[in-house]
Amino acid sequence: MALLDRVKERIEADLTDTDIAEILASSLREIEDRFGPTGEPITVELVGGRSSLDLIRPIDTEETVEITVDEEDLEPDDFRIFNGGRTLRTSSGYRFGTGPVSITYTPKDDQPQRDEVAVKLAILDITYRGANKSARAGDTALAGDMSSDAFAKEQESLLGTLAPRRGLFIR
């Protein structure tokens with residue numbers, strides 16, 4: 001189902017499909033600006049000197065991973081990937097050098113989650129715009145605090161659902 005249809009299925013509004021599509025496009029741009037593109041390799045720079053390195057976006061293990069430590073490329077057998085693609089360790093158990101570590105990899109595809117957040121952001125935007133008119137989400141008439149502070153807080157909450165999860169990981 002197209003994202004436009006998903007929005008229209010969840011909220012009634014007096015907006016054209018073009019208006020809703022523009023709101024969705026804006027939501028998708030905000031997500032990409034904040035979390036980077038999907039399906040494309042990225043390069044991150046980290047500080048070495050540790051036995052493991054933690055990445056914000058998990059690695060797609062089906063794609064190539066290139067690691068440079070102290071200006072020397074590691075071979076694929078020199079490191080292992082743990083913690084759902086978020087943690088790298090050297091195979092030998094030694095530390096990742098003392099200088100900069102450059103990692104080029106393709107993050108796992110999280111487009112379905114991004115699409116859902118974009119739909120929710122569009123609904124929030126439409127609801128906020130329609131606060132002076134009428135808006136319905138499902139069987140619920142939307143009302144309440146629609147101040148810009150409330151909007152920004154809710155927007156950040158939705159975007160935060162895409163942020164990496166931090167948990168207890170003992171090394």
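Me: How many salt bridges are there in this structure?

Reply: A salt bridge is counted where a side-chain nitrogen of Lys or Arg lies within 4 Å of a carboxyl oxygen of Asp or Glu. In this predicted model, the count by that rule comes to seven. One of them joins Glu-116 to Arg-10, with 2.8 Å between the closest N and O atoms. That pair connects distant parts of the chain, since Glu-116 belongs to helix α3 (residues 111-129) and Arg-10 to helix α1 (residues 3-10), 106 residues apart.

Me: With which residues does Arg-34 form salt bridges?

Reply: Arg-34 pairs with Glu-30, the closest N and O atoms being 3.1 Å apart, and also with Glu-156, at 2.9 Å from N to O. Glu-156 lies in helix α4 (residues 148-160) and Arg-34 in helix α2, so this bridge ties together parts that are 122 residues apart in sequence. Another set of bridges with shared partners joins Arg-6, Arg-10, Glu-116 and Lys-120 into one network.

Me: Why are Glu-30 and Arg-34 separated by about one helical turn?

Reply: The reason is their spacing: they are four residues apart in helix α2 (residues 17-35), which means a separation of about one helical turn. As to accessibility, Glu-30 is partly exposed, with a relative accessible area of 29%, and Arg-34 is partly exposed at 37%.

Me: Is Arg-57 buried or exposed, and which side chain of opposite charge is nearest to it?

Reply: A residue is called buried when its relative accessible area is under 20%. Arg-57 is buried and has no salt bridge; the nearest side chain of opposite charge, that of Asp-110, is 4.7 Å away. A polar atom of the Arg-57 side chain does, however, lie 2.8 Å from the backbone oxygen of Phe-35. Arg-57 is placed in the loop between β3 (52-54) and β4.

Me: Where do negative charges gather?

Reply: They form a patch on the surface, whose members include Glu-66, Asp-70, Glu-71 and Asp-78. Glu-71 sits in the loop between β4 (66-69) and β5 (72-73). Glu-71 counts as exposed because its relative accessible area is 79%, the cut-off being over 50%.

Me: What does the secondary structure of the protein come to?

Reply: The protein has four helices and ten strands. Of its 171 residues, 32% are buried. Gly-48 is a buried residue, with a relative accessible area of 10%, and it is found in the loop between β2 (42-47) and β3. Gly-48 and Pro-100 are 52 residues apart in sequence, and their C-alpha atoms are 5.6 Å apart in space.

Terms used
Residues are numbered from 1 along each chain as its sequence is written. This is a predicted model: local features need pLDDT of at least 70, side-chain atom pairs count only at pLDDT 80 or more; totals for chains, interfaces and linings use all residues. Side-chain values use heavy atoms; hydrogens and water are left out. Patches are made of residues with over 30% relative accessible area and no salt bridge: like charges are joined within 9 Å, nonpolar side chains (Val, Leu, Ile, Met, Phe, Trp, Tyr) within 5 Å. Accessible areas come from the Shrake-Rupley method with a 1.4 Å probe; for residues, only the protein chains shown count as cover. Lys and Arg count as positive and Asp and Glu as negative; His and the chain ends are not counted. The place of a charge is taken as NZ of Lys, CZ of Arg, CG of Asp or CD of Glu. Helices (H or I, at least four residues) and strands (E, at least two) are DSSP runs, numbered from the N terminus. Buried means under 20% relative accessible area, exposed over 50%, partly exposed in between (1.4 Å probe, protein chains only). A polar contact is a pair of N or O atoms within 3.5 Å; within protein, one must be able to donate a hydrogen and the other to accept it, and residues adjacent in sequence count only if both atoms are side-chain atoms.
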